[in-house]
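The following questions and answers concern one protein model. Each answer ends on the value or name asked for.

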Amino acid sequence: MRILIVKLSAIGDVVHTLPAAALLKRALPDARIAWAVRPRAATVLKDSPAIDELIELQPRVGVTGLRSQLNGRGFVDIAIDFQGLIKSGLVAFSSRAKRRVGFETSDLRERASRLFLTEQVETSQFKHVIEKNLALARAAVGLGAQAARLPHSSAARGQAGGPPALAGYEFPIAVSREDERFAERVSENQRGRFVIINPGGGWPTKLWSAERYAELADWLWSDCELGSVVTYGPGEEALADRVVASSKSGAARSLASSLKQFVAVARRAALFVGGDTGPLHLAAASGTPIVGIYGPTSAERNGPFDTRDITIGRDLWCRADCHRRSCWHWECMDIPVSDVKRAVLTRFERAQEAAK
C-alpha cells in the first residue's frame, strides 16, 4: 500500500501530524508512506523513521506542476489530507489517488476543499488537533480505536530510540549527532540548567511584549538561578534582540539555531516559555515542560498535551473562535508578568513531584 500524507505547513501543524504518521507506520509496517510538504517544514521531517519519502512542493505550482512532481513517484492508493485547505485538496487530487480522505466539513479550514475528497471522517468530537489527526489516520486505513495510542508508560519510547512517547503520542523527529553537540555546547554555556524563551509568534496578535519577556528572564535569574536562551525564527531576530537588550541582569542570550538544533536544545531545557507557535509545539514534542501564553488561538485545540503543562490566557468576549491575525485591540495578550511567574513556579513544582 502507498499512502500520501498531505500536510504542507506550518511547523506546528506538521508536528501535530507526526503522531498520525507514526501510527500508520507502526500499524502498517509494509506500507510506503510519502509526505507532501513545503520546503521549510520539511526540515522537521527529514530522516524520520515514520516516513519513507518526502515530497517537497514549491509554492505557487499549478495542477500540472503538482502532477508532474507526484505522478513520477508511483501509484498512490490513499491520499490523506490533514490540512483541509483548497491547496492541500489540490495536492491530494493531483496525486490521482482513488481514495482521498479528509476531515468532516465542519473541521475543514476551507470548506470548499471537500470537493477534492472522496471520503470524509467525523472528527468534530475530538478537541485537540492531534486527536483529530489520529482519528483521520485510523479511519483512512481501517484501524480500530485501540490503535490510536501507545500504552501510557514512561517506558514507551518513540521510534528509532527517540525520546519517550508523550501522553501516548509518538513524535519521530530524527536529530543528528551534530545537532546534539550543538545542544551540548548551549547547555555547557548555561551551566546545565536553562530556560528557553521564544518571543515570536508568526502573527502579531500572538505576541507578548519583548519587555515583559525580559522582565521574566531577570526574575528567572534572580529568583530561580536560571539563565535564558532567547530563540527566534526567520524575521524574528530583531524581536529576540529586544528581549536581550531589555534584560537588566544580562542573563538572557539570543540563540540562532536550525529546527533540528532547537529540538536538541529543547530536550535539555528546564522550561519553555512562549506563545502558540512552531517552537512551542517542537518543545512539547521534545518533552520540555511548558508555560504557554495564548491569545487569539485555543490552547484546548493547539496547546501542549502534557497535563502538567500550563497555558495562560484571558477569557474575553471576543476570544472564542478568534484566530485573527490582526486586531484593533490586544487585550487578550495583555497578561501580567506576575501571572506568568506564578505559572512558572507551579510548573516547576509539578516537575519536582513527577520526579519523586
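Q: Is Asp-52 buried, partly exposed or exposed, and at what relative accessible area?
A: The model is predicted, so local features are given only at pLDDT of at least 70 and side-chain atom pairs only at pLDDT 80 or more, while totals for chains, interfaces and linings use all residues. Residues are numbered from 1 along each chain as its sequence is written, and side-chain values use heavy atoms, with hydrogens and water left out. Buried means under 20% relative accessible area, exposed over 50%, and partly exposed in between, with a 1.4 Å probe and protein chains only. Asp-52 is partly exposed, at 34%.

Q: Which residue forms a salt bridge with Asp-52?
A: A salt bridge is a side-chain nitrogen of Lys or Arg within 4 Å of a carboxyl oxygen of Asp or Glu. The closest N and O atoms of the pair with Asp-52 are 2.8 Å apart. The partner of Asp-52 is Lys-25.

Q: How many residues apart are Asp-52 and Lys-25, and where does each lie?
A: Helices (H or I, at least four residues) and strands (E, at least two) are DSSP runs, numbered from the N terminus. Asp-52 is in the loop between helix H2 (39–45) and strand S3 (53–56), and Lys-25 is in helix H1 (residues 11–27). The pair links distant parts of the chain, and the separation is 27 residues.

Q: Is Lys-25 buried or exposed?
A: The relative accessible area of Lys-25 is 11%. Buried is the class under 20%, so Lys-25 is buried.

Q: Why does the salt bridge between Arg-99 and Glu-119 tie together separate parts of the sequence, and how far apart are they?
A: The side chains of Arg-99 and Glu-119 meet with N to O at 2.6 Å. Arg-99 lies in strand S5 (residues 99–103) and Glu-119 in strand S6 (residues 119–121), so the parts tied together are apart in sequence by 20 residues.

Q: What are the relative accessible areas of Arg-99 and Glu-119?
A: Both residues are partly exposed. The value for Arg-99 is 28%, and that for Glu-119 is 29%.

Q: Are Asp-276 and Lys-206 buried or exposed?
A: The side chains of Asp-276 and Lys-206 meet in a salt bridge of 3.9 Å, N to O. Asp-276 is in the loop between strand S10 (271–275) and helix H10 (278–285), and Lys-206 is in the loop between strand S7 (194–198) and helix H7 (210–224), 70 residues apart. Both residues are buried.

Q: How many salt bridges are there by this rule?
A: Arg-177, Glu-180, Glu-184 and Arg-268 are linked in a network of salt bridges. The count comes to 19.

Q: At what angle do the axes of H1 and helix H5 cross?
A: Axes are lines fitted to C-alpha atoms, for helices over the stretch in contact, with angles from 0 to 180 degrees between N-to-C directions. The axes of H1 and H5 (residues 129–141) come within 8 Å. Angles under 35 degrees count as roughly parallel, over 145 as roughly antiparallel, 65 to 115 as roughly perpendicular and the rest as oblique, and H1 and H5 are therefore roughly parallel. They cross at roughly 30 degrees.

Q: Which residues of H10 make the contact with H1?
A: H1 and H10 pack at about 25 degrees with their axes 7 Å apart, which means that H1 is roughly parallel to H10. Contact means heavy atoms within 4.5 Å. From H1 the contact involves Ile-11, Gly-12, Val-15 and His-16, and from H10 Gly-278, His-281, Leu-282 and Ala-285.

Q: Where is Val-91, and which residues does Val-91 touch?
A: Val-91 is buried, with a relative accessible area of 3%. The place of Val-91 is in helix H4 (residues 86–94). Not counting residues up to four places away in sequence, Val-91 touches Val-6, Leu-8, Ala-36, Leu-57, Leu-66 and Leu-70.

Q: What is the phi of Arg-191?
A: Most residues other than glycine have a negative phi, and most peptide bonds are trans. Arg-191 is found in the loop between helix H6 (177–189) and S7, and Arg-191 is exposed, with a relative accessible area of 80%. Its phi is positive, at about 60 degrees.

Q: Which peptide bond is cis, with omega near -10 degrees?
A: Ala-10 lies in the loop between strand S1 (2–6) and H1. The cis bond runs from Ser-9 to Ala-10.
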